[in-house]
Amino acid sequence: MSSQSSLSDQAKAAGEAFAELTATVELLRNPGGCPWDAEQTHVSLRPNLLEETYETLEAIDSGDPKSLEEELGDIITQIVFHADMARREDNFDAASICNAVRQKLISRHPHVFGDEESTTDTEKVVDNWEALKRAE
């Protein structure tokens, strides 16, 4: 599924939006951007990530989809900020994060992407996921 043409319209739109968000954060952190954003570190943003996670949980509990959308956006922003900092340190970047988690999802779903027989038994899926996770 690495070919751009095999992606759904929804996946293409999400990719474009994610690229725009990544570019926006990069501009904010570049010279001439926002001085506060530029001086942040993984450690200084730790409280923000935790706060946004709690706010996302509250939005889930509230059942308000608009609130959940906003809070998930705040978490994505935190992730993109951390990715931009790491990219500038030559450690990793947003693309490598996406590629790594995509590979993890594929490897942990052999009933979808591999040789294992397809199943509708969620308990079997969870057991298999845990076994694959332990093996890693």
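Modeller: The points below take up confidence and then salt bridges. This is a predicted model, in which local features need pLDDT of at least 70 and side-chain atom pairs count only at pLDDT 80 or more, while totals for chains, interfaces and linings use all residues. Residues are numbered from 1 along each chain as its sequence is written, and side-chain values use heavy atoms, with hydrogens and water left out.

Colleague: What is the average pLDDT of the protein?

Modeller: The average is 92, and 96% of the residues score at least 70; pLDDT is the predictor's confidence in each residue, from 0 to 100.

Colleague: Which element has the lowest mean pLDDT?

Modeller: Helix H7 does, at 81, whereas helix H4 (residues 65-88) has the highest, at 98. Helices are DSSP runs (H or I, at least four residues), numbered from the N terminus.

Colleague: Turning to charges, how many salt bridges are there?

Modeller: There are six, each being a side-chain nitrogen of Lys or Arg within 4 Å of a carboxyl oxygen of Asp or Glu. In one of them, aspartate 84 pairs with arginine 29, with the closest N and O atoms 2.8 Å apart. Aspartate 84 belongs to helix H4 and arginine 29 to helix H1, so the pair ties together parts 55 residues apart in sequence.

Colleague: Are those two residues buried or exposed?

Modeller: Both aspartate 84 and arginine 29 are buried (buried is under 20% relative accessible area, exposed over 50%, partly exposed in between; 1.4 Å probe, protein chains only).

Technical notes
Helices (H or I, at least four residues) and strands (E, at least two) are DSSP runs, numbered from the N terminus.
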